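Please have the view open as you read.

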Amino acid sequence: MTTFDADGITLERVREYVWEIPQEGDMRVPARVLASEALLEEIEEDKTLEQIKNTTHLPGITNYAICMPDGHQGYGFPVGGVGALDAENGCISPGAVGYDINCGVRMMRTNLTYDEVRGHEEELVDSLFANVPSGLGGGGIVEAGVDTVDEILARGVDWALENGHAVEDDLLHCEDEGMREGADPDKVSQKAKDRGKNQIGSLGSGNHFLEVQRVTDVFDSDVGEAFGLEEDQIVVLIHCGSRGLGHQTCNDYLRKIEQQHQGLLDQLPDKELAAAPAGSQLAEDYYGAMNAAINFAWVNRQLIMHRTRQVFERVFDRSWEEMEMELLYDVAHNIAKKETHTVGADGEERELYVHRKGATRAFPAGHPEVPSAYRDVGQPVIIPGSMGAGSYVLRGGENSMDLTFGSTAHGAGRLMSRTQAKDEFWGGDVQQDLADQQEIHVKAQSGATIAEEAPGVYKDVDEVVRVSDELGIGDKVARTFPVCNIKG
Amino acid sequence: MGYELRDHTADVAVAATGDSLEAVFAAVANGLAAASCDEIDDAGDRFSLAVTAENSEALLFDYLDELIYLRDVRVVLPVDHRVDSIETPSAANGGADEWQLEASARGVPLSEIDAREIKAVTYSEMRLERAGTDGDDGGWEAYVVFDV
């Protein structure tokens, strides 16, 4: 048997790109890593493997804990982790969802070509930067009272539609039509709402960004057509989450679990994996609060997208409808969802809390939860790359249900720490190089953010996507390349 | 005595030391401020805060969580941290069964600086312990990972 030795942890090769850490000690199931050897050599450099092993200690974990090709060290659960926990006898873990509940990505199409945008890049990047709040303390597109926050938490993008920030068609191209059932605003704390109310429609900082991109390749013309993508077309990608409201919600529930379910916590190797037992009041409360935060994040991305339409109208002096600025799709990559999966040799159907932290749902063609617009071809998956590399649009692959509970990667995955990045790169140089060598126009609140997010700090997104495609969990449809990028 | 920012693939970690529990708490908080902003000016007014929790680690977590919360709602970056007192649960503090902290900080308006967002404090790899060997009062050490 081929094995890979990673400093004390031995992985056995199950088949090409599938590696397994066998069950031992208190592990309830094996752990799996989906990667090429090249990616595995990067993954073994930090604590990713130890963290995915720790994840297998969670009660009710089903089949195996899985690390995606872009996996890297997080806190508790690795980023790029998928864990399916039994919804009856298992648990739900706020730490395994992450602080930024429903951090995710959406892509908007346009009918503009790259040639039509050339010459307008500076104006476009300046206008986007001036009109889309970013960074810390930059406010939001909507300033609201707590009543409005409650409505957003309960109704999601439906609230945006009623208030003129969305059109009906936007809802049809979002998971759950932009409104998560079972959202309970009463389970979100006052503190979380106070943080959220002046951040509705804002990018935040860190790795979040808004990018105008051009489609450079369409690999699958049939699916590309179904997604409305063709070469040279301009698209807009928006990456952000639930802001302070989501961060506070995660922390509130971590602390409640610590106070109410110490027994379960004591069984876990990392306190950050804190989980509430399925069926407990706290598990129900967290699920209601998390669903509400999911709605908040959808509204956040919706407001930014709608504002972007208005910016394009001014820059190109045409209505957004005329530019066919339509939502392609919106995916979450920090989320837990109750889903029914077929598990075990006898094909038993079971309800599971599928935790995807830095992983994207990737349901294949024909799955009833894929919106009808895409059901024949599979769910769109959007994989943002770094600002000097491409991003990808995939579609859910036919092996995803068997291999990964219907999931694939979520991005390039970090390689270098933020402190090291700042030592190696200077924001001004990175910005200049991107403009001079690649015609990418970047504008950020802070030079440090540009340095920390320099293209060199990320793994090779091409290799991550190649592995996803080879495994048949997410198939390549199109590749895009940045034109303008704004960040916090 | 003070803090250092440490490498972490996606996030940022603060390692801090202090002569007392109060000093090490304040040092971690100063590390959080440094991780948020490279150059901090002299602007802003001081404000005070109080936190209670069931044990010392939870108190550190809640203190840092409160600072991040106050940053968002006051729209200021809390800097120049002072922890005035940490009371342990005892008859001496009126029979309270929780740890109590009183602190203050200066709030620099976010509009005046280029600060970036630290999303949250985490329990991951958190350590809060006495430095040095048994009986030797070497002060305190703490290690905290923040989500960026």
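## One helix of chain B

The expected span of a helix is 1.5 Å times one less than its number of residues, and helices here are DSSP runs (H or I, at least four residues; strands are E, at least two), numbered from the N terminus. Helix 1 of chain B has 16 residues and spans 23 Å from first C-alpha to last, close to the expected 22 Å. Of its 16 residues, 13 are buried (20 or more other C-beta atoms within 10 Å of their own, C-beta atoms being placed from the backbone).

This is a predicted model, where local features need pLDDT of at least 70, side-chain atom pairs count only at pLDDT 80 or more, and totals for chains, interfaces and linings use all residues. Residues are numbered from 1 along each chain as its sequence is written, while chains are lettered from A and ligands numbered from 1 in the order in which they are written.

## Its partner

Helix 1 (residues 21-36) of chain B packs against helix 2 (residues 56-74) of chain B at about 35°, with axes 11 Å apart; axes are lines fitted to C-alpha atoms over the stretch in contact, and angles run from 0 to 180 degrees between N-to-C directions.

F25(B), V28(B), A29(B) and L32(B) in helix 1 of chain B meet L60(B), Y63(B), L64(B) and L67(B) in helix 2 of chain B, contact meaning C-beta atoms, placed from the backbone, within 7 Å.

## Where the chains meet

The contact takes 39 residues from chain A and 29 residues from chain B. On the side of chain A, helix 11 gives the most, with eight residues.

Methods. Two residues are in contact if their C-beta atoms, placed from the backbone, lie within 7 Å. A residue is buried if 20 or more other C-beta atoms lie within 10 Å of its own, exposed if 12 or fewer, and partly exposed in between; C-beta atoms are placed from the backbone.
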